[in-house]
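Please look through the sequence and the model below before reading on.

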Amino acid sequence: GSRSMRVSPNYLIHDVKEPGVATVRLEGSARRGTEGIGGAGSTKGRGDVHTNGSSRVRSDLVGVSSSSHRESEDIRRHKEALATVRLLSQRFARALEAGRLLSDGMLLCAEIAAELRCFHGSSSASAVAAAVAANVGVSRPVPVSVSRVAPHSESGPLSGSYMAAGPAKPSAASTPSASTMMSSFSGAPPKLYYELFLAVTGELRAFEVHVLDVVKAGHIRILQLYEEVQKIQSIVPRLYMLITIGAVYIKSLQAPARDVLKDLSEMCCGVQHPQRGLFLRSYLSQCMRDKLPDKGNPFEGKGGDVKDSVDFLLKNLTEMNRLWVRMQHNCPLKEKERRMKERKELQILVGSNLSAISRLGGVHVEMYKSAILPHVASQIVNCHDPIAQEYLAETLVNVFPDEYHLQCLDAFLEMCSKLESEVNMRSIVDSLCSRLGAFCTKSTDNTVLVKQSEAISVFRKRLPAIIEAELRGSMPMEHVAATYLSFLRFSLKAEPQNFETPDFIYGHCYRTLTQEQIQETTNQHNIVYLNDSHPTMIVRGSQLEIVVVDLLCAPLAMMPSIREALLWNNWLPLSKMLPYGTWRRVANQLLGSMRDFDPCLSQTSEIDKLFDYVEPLVVPDSRTLVNMDRDVIHHPYFFAEDASVEPVLVQKDSDDGIESQGLVARIIFLVNQSNLCAAFEMLKALRLRLSAGGAERCRITMPPLVHQLLQLAIRSSASILEGLGDATRAPAPFEILTYASETIGPLAEADAEGSLRLYLKGALATLPCVLKDAETVVYDFLSHAFVLFEEELSGSRAQFAALNLITGSLLSTRSKLTKSDYDSLRNRVLRHARRLLTKADQCLALCSASTLFGVPGGNHVDSDDEPNAEKLNFCLDLAIQAACSSMSVAERALLLVDVLIRVTYYLEKGGTAGERERVMWLVAQIQDLLNKEISPEGRVGKVVAARFSRAVLHIQSSLNVSLDDVNATRPQVGAGT
């Protein structure tokens with residue numbers, strides 16, 4: 001009964017019983033592949049009006065000899081079409097300003113819309129416009145002011161004074177056939193067509209406003225106009241005009257929005273050319289965006305509800321997706337890449353429907369779960385097109401709220417597992433995980449909501465199937481690893497304290513990288529297969545290496561302690577797949593992530609596992625050993641200018657450094673010493689693992705271990721002394737100190753001076769300990785220090801510094817030594833002090849050594865120690881001789897001041913009259929040097945004068961010594977030599 005053209009659900013266009021309008025019937029195979037039969041069409045497409053079959057399927061492609069010629073032809077037609085639209089737009093604007101008839105505006109808009117159809121064919125816009133004018137049934141109307149138009153009549157279309165002239169009968173010559181319009185079809189590039197689309201739709205929207213004003217004024221019934229516009233002969237301008245009038249129809253509230261939307265959606269099925277159909281339905285979506293029935297708007301109620309709006313948009317999405325997918329079919333192989341690029345340029349038109357659904361206020365999570373997601377998921381899965389599946393899945397993630405995704409996460413991930421293998425699941429999963437991760441960080445309530453939805457469990461359930469789907473195709477392995485990385489980052493934000501999920505991810509990633517079917521494509525996946533002992537290794541510098549490193553390092557910064565990392569079983573196998581240098585960086589990151597040093601390691605097995613994690617920092621890789629014949633390194637205390645010194649060959653690790661070995665040394669401080677026996681066993685295990693690194697590494701890592709052993713010995717002694725420990729709960733301090741001494745021994749090769757200091761610290765550590773054989777332990781530490789001094793130290797300054805340390809340590813530990821051992825050791829100090837290279841070093845070292853003979857109260861283990869006046873005077877005389885032998889006057893004065901200070905110290909401790917005379921003589925010698933040979937204005941003179949003045953003031957105030965007469969004769973220095 002309706003005079004308008006309807007499209008039935010099976011897409012058959014019924015006959016139109018109207019004079020002057022061509023009869024159209026599309027049935028069976030005759031209707032297939034008509035409007036969409038161009039370069040991107042398909043034999044499975046729906047029909048368009050006015051076709052005579054498919055004899056000209058590729059007629060336009062045959063005439064084009066090259067792509068450059070086709071592009072230039074497209075640009076030329078594009079410019080012509082834009083010029084025509086601008087010209088018609090100007091005419092339309094003048095018609096509106098002059099208040100001309102509505103039929104004038106409709107005719108001009110039909111001509112403008114015809115450009116969207118003619119841009120692809122050889123028919124000119126004037127020919128289509130003639131067909132439009134003939135089928136609308138009007139000739140050029142006489143300009144009549146709208147304000148003077150008589151009321152309309154229902155007797156005929158556009159009757160009354162709107163029809164200044166009667167309908168003109170269309171002539172056969174002026175009405176182009178459909179075959180003529182499509183005879184030279186050539187698909188225009190989407191960018192050019194989009195520019196033309198914007199120009200045309202801009203004028204149509206202006207016409208929509210004009211029609212709405214006329215309808216509100218009551219000059220015409222919108223239903224009558226809605227029926228008349230369907231008589232336009234060409235389907236593309238007819239549908240653009242029909243959508244424009246339909247928008248006014250809905251806004252006027254004269255018809256239910258639900259019925260008009262359904263009618264327009266079905267009518268648009270008449271255009272099955274992919275690009276034209278996409279833009280047509282995009283215009284439909286744009287025009288109806290603010291006219292959809294929604295909660296609280298005027299179109300709700302009799303016009304429908306939000307469910308009708310959702311159904312309309314979902315159907316529009318389905319149809320647009322079919323058209324979009326068809327663009328890829330029946331495409332010449334040489335144009336496949338170009339067609340894919342064009343499709344990606346048009347993808348936003350399809351996704352706009354999902355955006356429109358998400359903006360509807362009446363949509364809620366239950367509707368999304370029960371109606372929207374199942375429909376969209378079915379459409380995505382069933383289209384079997386990778387480009388469409390990837391884009392629609394990403395759009396689905398980005399346009400709907402995060403709460404919706406949490407409630408429907410299982411269904412969405414199940415859909416992802418069914419997508420084509422060519423789909424890049426990395427981008428989809430990354431978008432989803434990024435959104436959910438950001439949602440977690442916004443508030444605590446959001447984190448609770450994520451936990452309640454069990455999102456992590458759902459991911460763990462569905463992710464293996466998604467990865468398996470990726471592996472079925474030719475997806476690069478770095479994309480697969482990046483999918484795991486996205487899930488890992490989300491899990492760390494959702495459940496920061498759950499470290500089981502990272503281990504789950506590491507295990508699946510390792511099995512994915514090592515499975516057998518990947519071995520056939522090693523170059524593509526950047527994996528090298530070596531041998532049975534090291535079956536796989538990721539290629540250095542590949543993108544896969546970067547992703548795996550991020551995967552291994554992602555949870556490290558969030559761990560409260562390194563003990564959580566030891567709970568993982570799959571971190572180590574995955575890290576071993578990396579090249580040695582990269583594995584080193586990961587191990588550095590693991591140790592560098594320790595934010596505090598709370599002792600957290602309480603078992604030897606934990607020590608072993610941690611050292612397996614950081615193996616490349618401790619043990620050099622056999623594949624990267626340096627050629628010993630070509631890389632020669634001198635011992636750090638050997639001088640290159642000394643030709644008699646043989647160079648020491650050591651193993652060189654170019655990536656090794658003090659910083660990385662310092663990180664390894666930090667492991668020692670993680671040992672929990674609450675159980676002393678267990679702590680001793682763990683320190684033993686540490687020594688065993690650290691010693692495998694070689695002397696150069698042990699130079700940095702062993703000293704902290706020795707310090708911890710000495711501290712453990714002190715704690716063990718205190719525990720036994722207080723009765724808190726026994727033989728079963730606390731190790732013997734003697735055993736610990738002996739083990740510490742054995743630990744220091746191998747360090748001498750790489751760092752003799754450092755080893756000497758450690759021996760001296762070991763000797764000092766015996767002071768707070770209660771030991772039965774204390775003299776044996778102390779003598780052992782000190783004797784080893786003397787051996788290193790005599791055999792390893794060759795530098796003058798190093799010998800001087802070491803001798804001062806030995807002197808101080810021997811003085812401090814004299815109470816732990818027998819008198820014979822103490823005499824033997826201090827005589828060795830005196831002997832070495834006399835043999836130092838420079839006179840200054842001899843003088844200062846002899847002054848220090850004199851304390852070993854001049855300080856009483858040693859309390860040796862076998863007898864009391866009294867000052868040895870003879871040896872003391874002997875040391876002081878040698879010191880004065882060394883000072884006076886200096887060739888530099890300034891140095892001589894400074895050394896004499898040092899001797900004066902030392903003699904004054906002994907005088908304070910109860911020295912003899914000989915020491916008083918020595919003080920007076922030293923004062924006289926220094927005064928002579930200051931008065932005669934040293935300028936008091938010079939830098940050295942000022943220093944000597946200042947030190948001498950302070951010494952003299954101290955002597956006068958503390959010792960009550962008068963310095964008025966300093967003409968004493970020089971004593972017999974060295975009389976006891």
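How many residues does helix 13 have, and how far does it reach from its first C-alpha to its last? Helix 13, covering residues 365–383, has 19 residues and reaches 25 Å, which is close to the 27 Å expected at 1.5 Å a residue; the expected span is 1.5 Å times one less than the number of residues. Helices (H or I, at least four residues) and strands (E, at least two) are DSSP runs, numbered from the N terminus. This is a predicted model, in which local features need pLDDT of at least 70 and side-chain atom pairs count only at pLDDT 80 or more, while totals for chains, interfaces and linings use all residues. Residues are numbered from 1 along each chain as its sequence is written, and side-chain values use heavy atoms, with hydrogens and water left out.

Helix 13 bends by about 35° at Ile 372, and the proline Pro 374 follows within four residues; the bend is the angle between axes fitted to the seven residues ending at a residue and the seven starting there. Ile 372 is also one of the buried residues of helix 13, which include Met 367, Tyr 368 and Leu 373, where buried means under 20% relative accessible area, exposed over 50%, and partly exposed in between (1.4 Å probe, protein chains only). What covers the buried residues of helix 13 includes helix 11 (306–326), helix 12 (336–358) and helix 14 (386–399).

His 384 follows helix 13 and is found in the loop between helix 13 and helix 14. Its phi is near 55°, a positive value in a residue other than glycine, and His 384 is exposed, with a relative accessible area of 51%. Glu 454, in the loop between helix 18 (444–452) and helix 19 (455–471), likewise has a positive phi near 55°. Most residues other than glycine have a negative phi.

## Buried places

Helix 8 (residues 235–251) has 17 residues and reaches 24 Å, close to the 24 Å expected. Because 16 of its 17 residues are buried, helix 8 is largely enclosed by the rest of the structure.

Leu 313 lies in helix 11 and is buried, with a relative accessible area of 1%. Beyond residues up to four places away in sequence, Leu 313 touches Ser 285, Leu 292, Asn 353, Ala 356, Ile 357 and Leu 360, a contact being heavy atoms within 4.5 Å. Gln 842, found in helix 36 (residues 839–849), is buried too, with a relative accessible area of 12%, and a polar atom of its side chain lies 3.5 Å from the backbone oxygen of Arg 834.

## The whole chain and its confidence

The protein chain has 41 helices and two strands, and of its 977 residues 53% count as buried. Among contacts between residues at least 6 apart in sequence, 74% join residues at least 24 apart.

The chain averages a pLDDT of 77, and 74% of the residues score at least 70; pLDDT is the predictor's confidence in each residue, from 0 to 100. Over residues 121–186 the pLDDT is below 50, although this stretch has 134 contacts in the model beyond near neighbours in sequence. Where pLDDT is low, the predicted coordinates should not be read in detail.

How values were computed
Polar contact = N/O pair within 3.5 Å; in protein donor to acceptor, adjacent residues only side chain to side chain.
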